[in-house]
Each structure stands twice: as structure tokens, then as C-alpha cells.
Amino acid sequence: MKASPIPSMQDGPNAPAAVRRSLADTWDDPPGIRGFFAAINHKTIARRFMLATFVFFVLGGLIALAMRIQLAKPDLRLVDPDLYNQMFTLHGTTMMFLFAVPVMQAIATYLVPLMIGARSVAFSRMNAYAFWVFVLGGAFLYGSFLLGSASSAGWFSYVPLAGPDYSPGKGVDIWAQMITFTETAALLEAIVLITTIFKMRAPGMSLNRMPLFVWATLITQFMVLFAMPAVMLGSTSLILDRLVGTQFFNPARGGDALLWQHLFWFFGHPEVYLIFIPPLGMISAIIPTFARRTLFGYPAMVLALFATAFLAFGLWVHHMYATDIPQLGKSFFTAASLMIAVPSGIQIFCWLATLATGRLNFKTPLWFVLAFFVILVMGGMTGVMLGSVSLDLQVHDTYFVVAHLHYVLLGGAVFPLFGAFYYWFPKFTGRMLNETLGRWNFWLMFVGFNVAFFPMHLLGLQGMPRRIWTYAPDMGWEGMNLLATAGAWTLAAGILVFIVNVLRSRRHGALAGDNPWGAATLEWSMPSPPPPHNFDVMPVVHGRNPLWEPAGSPRWVAGLAANARQVLVTSVIDARPDSCPVFPSPSIWPFVSALATTALFIGSVYTPWAVVWGTIPTAIAMTIWFWPNRLNTQRAVFLERKP
């Protein structure tokens, strides 16, 4: 039946069932294969995003296992040096560019609209386009590995090693274009999330009432906007040097090899905090729920997030202490590196105060958070050591650094992330994850992680360099490497238990209900899983913990069209109702545009003319994408005229 251009139904607290059905039909994705590619609902895109990032995580983990087997004993020849170099390049690239940041954005894309009382994200078609760009970019990178032409210059691609003289072939070109390509998706997601948080919060949810996970997401996305262009500029300059003969990084022709390191690490160190800050928000959601009390020190927590983000941009040179930068600069970055422990300490003390004064409910999400405290403190201590010039030079490019970065990234991000999966899985699926399997999952990961990575501190202190393919039997490193390999397999077993738990519980888990943990934030006020339109009627917020506080008045804002994608837009500071625009409907053209963009990027690896000719189909697809829809226009005009 042809849809009416004039909305005939409006939402409201006492609206009949037909209105809720109309809302669900309006906001749901179209059926069929075409509907699969045209989907723009934020929960659909976020689920696909999470699945894709987890697949990349598993692939990156399998590569790491293969490397650990190669290093378990001296003089092993399971893989040749070139393949090993491709593997550690792909492992680092996968974990940093295809898992860590994208999975945080994926979870935020699902949760933020639910936590702030919105029916969608802003720019929902662009959200879908970003997902397809990300997936196609990742497939592009893994395709090059399967064809044996992946980069072997490391995930940092230092020049001149990554330059045309020392890395012939197309591996580095593919790597560089994949970085530019996938980080385009990250920038688009950042714009989507920032706009959503600023302009689509429920009435009454002023900035000082936002959940800390939303604050962490907002701050992280601003960091993405500042950090990602640096690496995109660097990777574009790198491929220009290789493809068309520019000399950005060639000192013999007036370029500067250190320029690459500055561009890369100006992105690379904030990248650690792009990965680290969203889990801080997850922890701030989990701890109050399982401590059964409000979070201690909300203003201090928000200010600490800001301070962490600000200082994160003043640390990048501590990756370059072994270069010939001036001593005064090294002293400045040493101080900045040590200062960042201050806001981190403030947050840890606030969480500990909340836990110490609460009544703890020891469920799997809380166990992962407690593990975070143990592992992050150890990673933070070695971070203080590496922030010092003199100590850093002693262990530079050894396995001590490998141990430190895994303690920080896995301990600071992956353990809270698994806790977040257990915490929000009931909202995602409507079913609970099995608690017994959850405990097995946790202990295998916790024990396996420490057995795998703690010995690497000792290996580094004994002088074992990182990125080596094998080592001689008389180095004395065999025992520690064998232990680390055993730990890696134990860690992998824990992740396998998690996969089994998810597959089993998704269909056979206990029904969750709306709010199985008794949490305080808005996402738990709706059915699990949420309907396509999220809220039957838009809520009004009167405090930081709306489900733990007495209901205020008014409780709802009603009157949005039920058979049009109409949303409520509010002011940035106080979240006062501002306007009610109509969002576009699902479309296949974001997917087609992503295909055209992918063809442009793949072609540009081989010839610069692909940039010229590739813009034509991309421009055509995007023009059709943005071409006004007559029905939506009529509806928007009608709704704008309503008083």
C-alpha cells in the first residue's frame, strides 16, 4: 500500500497499539535482500559493526597465536621471515584499526540513542555508509594478505623501511590506502555520534545529567576528529611518495623521515586513549549498577575525562626518544607523560570509593571490571617507566614495550569491553549470557593474559628485541617464550568460551526482561531488545539516574508523527526542545556509494588516474543518494506547518 504523505497518527503515552505498530513499521528496516543493503536503523548498523569488528578481532588473535607458536622454541621454521613480518604487520593493523576504535564506535552507535532518549542517530544514512566503507576496507586488507602481497613494514610503517626503495611491491600501498579508507569511516562515525549527543538528547537531559558513557563517547569522538586526519595525511603522503614520486619523507630530496613519525604518533598515542576512554565510560556504567549506589564524584570524573583527552595529545614524542629530537623537547614530553597518571588516578579513586561504599553484586561484568584495575595498574606503572627518557632508552624496541602496550590495551580496553558485552547483552538480544560460562570465560582470560604477557617484561629486560622472527638457542629466552605461548593459548580458550556462550545464550539463554540488573539509565526503561523506534513516547529526564529517582513531571513529550521518521531535536546545553525534523527513509545508495568509493581507493593503489575516473561513479551514486525524496519532502513541509 502506498504510504500517505500526510502523517495521520501521533505518538503519546496512551496511544493505541496501532500507533506503536505504525512507529515500528516506520523505523524498521525494509525486508529482503534489497532491504539488507538499504538498512539504516542505528541498532542494525551497530550490530553489524560489532560483528564485523569481532570477526577482525578473532582473525587478529589467530595470527597472534601463530606468531607465538613460531617463537615458542628457538630456531623454529614454521613460517619464513617475510610471512612473519606480514603477520605481525597485519596483527597490529587489525587490532588498532579494524577492532579497537571501531568496536567502541559500534557499541556507542547502538547505546547512545537509547541512553539519551532518542529514536535514531543523526545522519543515519551516513552511518550506514561508514559501516560499508569499514567492512570493504578491512576485506581489502585481508584480501592482500591471502594473496601474499600484504605489507611487511609493521603497523607503524616507518620510512624509509616503508618507502619504495626498501618495500617494493604493492603491500605498503594497500596498507596506506586501507588506513585512509577505514579512518574515513571513523571520522564519519565521529560526526554522527557528536551530532547525536549534542542535538538529540531527551528534554531535560542537560550536559550535567548525561551518563558518563555518553560523556566518554563525546570526548572520544572529538579526539577522533583531531587525531585521525594526521595519520590519513601521513598515509596519503606515503602513497604519493611511492606512486607518483613525491619526496615528503626522502631526506636526499628535501624530505624528512622523522616527519612520518611525528604524523603517525600524533595520531598513534591519542589512539591509545581513543581505545581507553570509552571503556572508562563502560566501567562508570557497570560499577554503580553492581555496587547499587550512585557513582562517587561525577563532576570529577567528567573533568578527568577531559584532562585525559587533552594530555593525550601532548605525549606522542615519547615514542621517539631514540631519535635526535632536542633534549628540551624530550623533557617536556616526559613531564606530560607522567602527568596523565593524575586524571587516571582520580577516576580510579572515584570508582574505588563507589565500590567501597556499595553493596557489591559479584556478577561476570563486575569481575571483568575488577580485573581491569589489576591489569591497568601494572600497565600504568610500566607506562611511567617508559615515559622517562633514560629508562625508555634501556628497553626501547624490546619485548618490555610489547608487554606494556598489551597490559594497557587489553587490560584497559578489552577486559572492560568483555564486561560491557556481558552487561548489555540482555539489552541487545533479550536474553542473559550464562553466568557459569561467564566465570570460565573470565578466569581463562585473566590467567591466560598474565601468563602470556608478564614474561614478556622479563624477556625485554633480558634484551629480547621485538619483531624478530626467531632467536638462537643460547640466548636463554626459550623458557619464557614457551610460557608466554601457553598463556596465549589459555587466553584464546577463554575467548572461545565467550563465543560458545554467545551462540548458546542467543537462542537458549534465560529471558532478560526490561532491566535485569536494576540499572539506572534510560536504555533499561524499554523492552529487551528495543523496538525499531526505541521509545513509544519521548521521555523527559529530571536527573542523572532517571530509573532510580522519583518520576518528575512532565514525564513525556508527545505528538511526534507515528508514520513518518520525525525526531525531536533539542538545544546543546540544556536539552530544551528545539525543532522536529523528518529523517530520510532507508536507501540502498549509501551501500552503492561505498562500493564506488572502494573501487576508487583500490584503483588508486595501482594508478593515480583511478582518483580521476573513480570520482565519476562515486559522484553519481552520492547525487542519487542525496536527491530529495518527494514523499519525505511533503511530510516535512506538512509537519513544519503544524503549530
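A: Let's start with a term: helices (H or I, at least four residues) and strands (E, at least two) are DSSP runs, numbered from the N terminus. Residues are numbered from 1 along each chain as its sequence is written, and this is a predicted model. Local features need pLDDT of at least 70 and side-chain atom pairs count only at pLDDT 80 or more, while totals for chains, interfaces and linings use all residues; side-chain values use heavy atoms, with hydrogens and water left out.

Q: Thanks. How many helices and strands does the protein chain have?

A: The protein chain has 19 helices and four strands.

Q: What does the UniProt record say about it?

A: The unreviewed UniProt entry carries the annotation "domain: Cytochrome oxidase subunit I profile" for residues 21-542. UniProt positions are given in the numbering used here, feature names are shortened, and annotations may be inferred rather than shown by experiment. Over residues 21-542 the chain is 70% helix and 0% strand, and the end C-alpha atoms are 28 Å apart.

Q: Let's talk pockets. Which helix gives the most to the lining of the second largest pocket?

A: Helix 3 does, with eight residues. On a 1 Å grid over the protein atoms alone, a pocket is an open set of points with protein on both sides within 12 Å along at least five of seven lines, a cavity is a set of points where a 1.4 Å probe fits but cannot get out, and lining residues have an atom within 4 Å of a point. Helix 3 (42-71), helix 14 (399-429) and helix 16 (478-508) each supply at least two residues of that pocket's lining.

Q: What is the volume of the second largest pocket, and which residues are closest to its centre?

A: The second largest pocket has a volume of about 780 Å³. Of its 25 lining residues, Arg 47, Leu 51, Thr 429, Val 502 and Arg 506 are the closest to the centre. For volumes, grid points are joined across faces, edges and corners, and the space filled by probe spheres set on the points is counted.

Q: What kinds of residues line the second largest pocket?

A: There are 16 nonpolar, three polar and six charged residues in the lining. Here Ala, Val, Leu, Ile, Met, Phe, Trp, Tyr, Cys and Pro count as nonpolar, Asp, Glu, Lys and Arg as charged, and the others, Gly among them, as polar.

Q: Now the cavities. How many are there of 30 Å³ or more?

A: The structure holds four cavities of 30 Å³ or more. The largest cavity has a volume of about 70 Å³. Among its 13 lining residues, the closest to its centre are Phe 97, Pro 102, Thr 182, Glu 183 and Ala 186.

Q: Which helix gives the largest share of that lining?

A: Helix 4 gives the largest share of the lining of the largest cavity, with five residues. The lining divides into nine nonpolar, two polar and two charged residues.

Q: Switching topic: how many disulfides are there?

A: The count comes to zero disulfides, where a disulfide is a pair of cysteine sulfur atoms within 2.5 Å. Cys 350 is buried at 5% relative accessible area, whereas Cys 580 is partly exposed at 34%.

Q: Where are the cis peptide bonds you can tell me about?

A: One runs from Ser 528 to Pro 529, with omega near -5°, and another joins Ser 553 and Pro 554, with omega about 0°. Pro 529 sits in the loop between helix 16 and strand 1 (538-539), and Pro 554 in the loop between strand 1 and strand 2. Most peptide bonds are trans, and most residues other than glycine have a negative phi.

Q: Phi, then! What is the phi of Asn 534, and is Asn 534 buried or exposed?

A: Asn 534 has a positive phi of about 70° although it is not a glycine, and at 2% relative accessibility Asn 534 counts as buried. Asp 397 also has a positive phi, near 60°, but Asp 397 is partly exposed at 31% relative accessible area.

Methods: Buried means under 20% relative accessible area, exposed over 50%, partly exposed in between (1.4 Å probe, protein chains only).
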